[in-house]
Amino acid sequence: MNTKVLRIATLVVFLINVILIFLVDWFTIEMIPGKNISGNSNPAVILCFLELPAYLLLLTGIAFIVHKERYLVQYNRVRVSVILLALLAVSLLLQVDKAQRIRDRIDGRTNEFGWLNPYTNTIYINFYSFLSGILLLLFIQSVITLIRFKFRSGRPTD
């Protein structure tokens, strides 16, 4: 596949993912302390099931682009890996903080619904989890590139 076509397709899938994240956030009901629990269904759960394959497709596209264009080979691999790891750690900490805030807000009032309910959709589908997956993918690719480079440079030439 042509790199230009792959970039455009990945950009389109990226935009679809961003739209789905915003829609999940929009359709997720925010629990307000002192108010009754809504008996409405969970319309955002459908969007969650659409987001998962779209997100996997996006990660695949990013992986192919980074591998095909050899972005990680061109730069200082150790520095890139450390920066990606630091960004991943910050993103994961923000994700945990967001989940904790949502959990504190619902405070056990939705136990009969389980953890996938109209109030907790944004624990799973949000910007932080979106970013964490992309950063994890890039970190793994940078480590694999670093390992390959070390093995290639360590071999004696014939």
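Begin with the helices H1 and H2, where H1 passes H2 in a left-handed crossing; a crossing is left-handed if the near helix is turned anticlockwise from the far one by less than a right angle, and right-handed if clockwise. Helices here are DSSP runs of H or I with at least four residues, numbered from the N terminus. To display the pair, select residues 3–27 for H1 and residues 44–69 for H2. Their axes come within 8 Å and cross at roughly 150 degrees. H1 is therefore roughly antiparallel to H2, a term for angles over 145 degrees. The axes are lines fitted to C-alpha atoms, for helices over the stretch in contact, and the angles run from 0 to 180 degrees between N-to-C directions.

Before moving on, please note the basis of the model. It is a predicted model, in which local features need pLDDT of at least 70 and side-chain atom pairs count only at pLDDT 80 or more, while totals for chains, interfaces and linings use all residues. Residues are numbered from 1 along each chain as its sequence is written, and side-chain values use heavy atoms, with hydrogens and water left out.

Next, colour the chain by pLDDT, the predictor's confidence in each residue, from 0 to 100. The chain averages 82, and 78% of the residues score at least 70. Confidence is highest in H1, at a mean of 93, and lowest in helix H3 (residues 71–74), at 67.

Return to H1 and select Thr 3, which belongs to this helix. Is Thr 3 buried or exposed? Its relative accessibility is 16%, so Thr 3 counts as buried (under 20% relative accessible area; exposed is over 50% and partly exposed in between, with a 1.4 Å probe and protein chains only). Apart from neighbours within four places in sequence, Thr 3 is in contact with Lys 68 and Glu 69, contact meaning heavy atoms within 4.5 Å.

Now select Asp 97 and Arg 101, which form a salt bridge with the closest N and O atoms 3.2 Å apart. The term denotes a side-chain nitrogen of Lys or Arg within 4 Å of a carboxyl oxygen of Asp or Glu, and the structure holds one. Because the two residues are four apart in helix H4 (residues 77–106), about one helical turn separates them. Asp 97 is partly exposed at 37%, and Arg 101 is likewise partly exposed, at 43%.

Finally, select Leu 131 in helix H6 (residues 127–154). Leu 131 is partly exposed, at 29%.

Definitions and conventions
Parallel < 35°, antiparallel > 145°, perpendicular 65-115°, else oblique.
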